[in-house]
Amino acid sequence: MLRLLAVGALALLLQIPILMIRELVSERQTRRLEAVTEVSSKWGNAQVVIGPALVIPYGLRIVERSSDGELTSRVETRSAIFLPERLAVRGAIDSDVRRRGIFSIPVFAVDSQLEGEFGRPDFSQLGIEPEFVAWDRANLAIGISDARAIQRETSVVWNGEETRFLAGDGGFPEAGGAGIHAAVRLAQDTERYSFTLPLSLNGSVGLYFTPFGQNTSVELESDYGDPSFQGNWLPTERTVTSDRFTARWSIPSLGRNYPQAWDGQTPMREAIHNSRFGVELVDPVDHYRMADRSGKYAGLFILLTFATVWLVEILSGVRVHPIQYLMLGAALCIFYLLELSLSEHLGFPMAYALASVAVIAMVASFCMVALRRASRAAIVGTGVALLYGYLYVLLRNEDYALLIGSIGLFAILATIMFATRRVDWYAAGGRASGPAPSA
């Protein structure tokens with residue numbers, strides 16, 4: 001029992017290097033995030049396209065009473081925001097990879113076309129008199145989260161007339177100060193205003209849109225095979241293969257939390273932000289996340305390996321020194337360091353295979369000497385190999401990790417109980433506590 005407690009204490013002691021390795025994983029993750037930030041700052045950040053929206057200034061007469069009791073009036077300029085009745089977006093995303101040192105960062109360039117139509121702005125629903133409206137100062141505004149990444153000049157075809165876009169949000173506060181706008185003409189006798197505009201952007205990580213139309217449809221296609229659809233709406237139709245995807249969203253205005261028109265003084269930014277939807281280009285195998293997850297099982301693996309050696313020691317009468325246990329544990333800890341360092345250069349599957357083969361060979365070779373027989377070393381080596389194979393299955397099936405883990409632990413305990421079902425533990429304890437056999 002004392003030897004068993006000593007083996008348990010060694011397993012606990014080895015949690016110190018395991019914690020240090022997990023801290024190293026976090027440090028490498030931070031360095032990768034810094035590389036992503038650096039590349040994104042030059043190529044283009046995650047893109048959020050807000051709009052288009054029709055921004056129309058109007059004058060609001062405000063009557064105030066001065067300190068001496070006289071009434072004075074002034075006119076304050078504000079803006080009314082109107083959204084399109086129909087909005088359709090079609091885009092093609094071309095993915096690429098940029099490298100910063102040993103880190104690779106997925107980036108993209110998107111060519112899209114936005115089209116739709118506005119109805120005639122109805123100011124009566126906002127309580128605004130039409131005579132105070134500056135119809136000749138209307139702007140079509142689009143918010144773009146990283147406007148630096150716009151690839152080329154663009155213009156809008158507004159009711160058959162082409163108008164060039166200018167820099168700036170055009171008085172559209174929900175754009176957050178980043179975007180483009182174009183002056184458009186609102187004819188007094190026109191009930192519908194159609195628009196068509198191309199938009200080419202660079203970006204990284206993700207591309208998002210907002211459902212500004214009473215009916216909004218978005219169609220995207222890409223040569224990237226690992227999309228992650230995000231936001232308040234998932235695609236109504238999607239096709240994902242190993243090297244490309246297509247997706248289509250169809251969203252009615254009833255599903256969002258803001259109206260078709262509002263006064264520019266009304267805060268809508270949070271509601272608009274919460275309504276965005278789109279796609280992220282994710283790394284299919286994040287080796288840092290895999291390394292962190294595998295490190296969570298390190299204590300269990302060390303304990304099971306020690307238990308295997310201890311059982312062989314008890315049943316065969318061979319004495320294994322605590323220093324030998326400690327070196328076995330150190331070899332198991334080295335696995336996680338090898339896995340992390342190799343995955344940065346070779347990818348996670350290859351790194352896992354090389355690290356596990358190297359550690360299994362080291363453990364089996366060491367046990368051949370420590371346990372004095374190849375068959376005993378083969379038992380330990382096979383056990384470690386099965387553990388690493390079991391861990392790889394766990395890592396590759398995250399959704400079923402709890403189920404696989406529970407079944408695996410049950411199978412391991414059942415195997416140990418079956419293998420030791422006829423052992424006389426009193427006699428085995430006496431042999432283990434007796435003098436060590438001669439070399």
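Which residues of H4 are buried? In this predicted model, whose residues are numbered from 1 along each chain as its sequence is written, they are His 287, Tyr 288, Met 290, Ala 291, Arg 293, Ser 294 and Gly 295. Local features need pLDDT of at least 70 and side-chain atom pairs count only at pLDDT 80 or more, while totals for chains, interfaces and linings use all residues; side-chain values use heavy atoms, with hydrogens and water left out. Buried here means under 20% relative accessible area, with exposed over 50% and partly exposed in between (1.4 Å probe, protein chains only). Helices are DSSP runs of H or I with at least four residues, numbered from the N terminus. Helix H4 spans residues 287–295, and because seven of its nine residues are buried, it is largely enclosed by the rest of the structure.

The side chains of Glu 344 and Arg 28 are joined by a polar contact of 2.7 Å. Such a contact is a pair of N or O atoms within 3.5 Å; within protein, one must be able to donate a hydrogen and the other to accept it, and residues adjacent in sequence count only if both atoms are side-chain atoms. Glu 344 has 11% relative accessibility and therefore counts as buried.

The cysteines come next. A disulfide is a covalent bond between the sulfur atoms of two cysteines, taken here as a pair of cysteine sulfur atoms within 2.5 Å. The structure holds zero disulfides. For Cys 333, the closest cysteine sulfur is that of Cys 367, at 15 Å, so the two are too far apart for a bond. Cys 333 is buried at 5% relative accessibility, and Cys 367 is buried with a relative accessible area of 1%.

Finally, there is the largest pocket. Its lining draws two or more residues from each of helix H5 (298–316), helix H8 (374–396) and helix H9 (401–419). H5 gives the most to this lining, with eight residues. The lining divides into 13 nonpolar, eight polar and one charged, where Ala, Val, Leu, Ile, Met, Phe, Trp, Tyr, Cys and Pro count as nonpolar, Asp, Glu, Lys and Arg as charged, and the others, Gly among them, as polar.
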